[in-house]
Amino acid sequence: MPDSTLRFSSRVENYIKYRPDYPQAVIATLLEECHLTSASLVADIGSGTGLLTKLFLQRGNQVFAVEPNREMRAASEERLCTYPGFHSVAGRAEATTLADQSVDFVVAGQAFHWFDRPKARHEFFRILQRAGWVMLVWNEREIRTTPFLMAYDQLLHRHATDYAQVDHKQVDEAILADFYGPHGFKSRSFSQRQAFDYAGVLGRLLSSSYAPEAGHPNYEPMLVELSRIFQAHEVNGQVGFEYTTRMYYGQLS
């Protein structure tokens, strides 16, 4: 099976430009319910280009950004090196290289569905201090709220390489309950939106690991269809991507 950590190597630029940020409400929830302070030590697992890492750095936290993909890790180092609390770590969810009981929070944005869950759970137990927290979050693209988003999702089903197989929605509440353990977890959700011209829509599409790239037989037909649905649904040269940010948090037990 191909190494999933290599899937984004050629997509870093588009990922930085076109993926949505995480809302400040994520931090507010951790402040209110999980005792997050500026002194809390955070491990961002599968940190990618640093979208989630940056939220914590902006409020003064020390963050260990653990990322196995060299290209994505280099991008985060370039973008976040001016924050004194930023620490780039070459590691995986299952082998972070961090010390025992060294962090107060383990967080993962748009990444948990790639982990080997039993091994990651064991590793999180190891690196978390007692009473530490685990927070998982996804920006989930809506697929039924507008005609454009319905057409875009149909395009992915027709042309993407393994869209259904790697969809993070396969991580359901039963899987999360098993991961967190008997003490369970809480969840919150927030809404956000992006507006794109055609170049933005194309960049957003190509930031996805399942989108075929140039040279793949599905690539050109996909672009033809993308142009068609953009022209059919644009208003003043733009279309909207709507998201529900789904956040899960709790203490492993």
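This note concerns helix α10 and its packing against helices α9 and α6 in a predicted model.

1. Basis. The model is predicted: local features require pLDDT of at least 70, side-chain atom pairs count only at pLDDT 80 or more, and totals for chains, interfaces and linings use all residues. Residues are numbered from 1 along each chain as its sequence is written, and side-chain values use heavy atoms, with hydrogens and water left out.

2. Residue E225. Helix α10 spans residues 219-233 and includes E225; helices are DSSP runs of H or I with at least four residues, strands are E runs of at least two, and both are numbered from the N terminus. E225 counts as buried because its relative accessibility is 9% (buried is under 20% relative accessible area, exposed over 50%, partly exposed in between; 1.4 Å probe, protein chains only). Beyond its neighbours within four places in sequence, E225 is in contact with L155, R158 and H159 (contact: heavy atoms within 4.5 Å). With H159, the E225 side chain makes a side-chain polar contact at 2.7 Å (a pair of N or O atoms within 3.5 Å; within protein, one must be able to donate a hydrogen and the other to accept it, and residues adjacent in sequence count only if both atoms are side-chain atoms).

3. Helix α6 against α10. Helix α6 (residues 147-159) packs on α10 at an angle of about 170°, the axes being 10 Å apart (axes are lines fitted to C-alpha atoms, for helices over the stretch in contact; angles run from 0 to 180 degrees between N-to-C directions). The two helices are therefore roughly antiparallel (over 145 degrees; under 35 is roughly parallel, 65 to 115 roughly perpendicular, the rest oblique).

4. Helix α9 against α10. For α9 (residues 198-206) and α10, the angle is about 140° and the axes are 11 Å apart, so this pair is oblique. Among the residues that meet are V201, L202 and L205 of α9, and M222, L223 and F230 of α10.

5. Surroundings of α9. G200, V201, G203, R204, L205 and L206 are the buried residues of α9. They pack against several elements, including α1 (12-18), β5 (128-141), α6 and α10. Where α9 starts, a side-chain oxygen of D197 comes to within 3.3 Å of the backbone nitrogen of A199.
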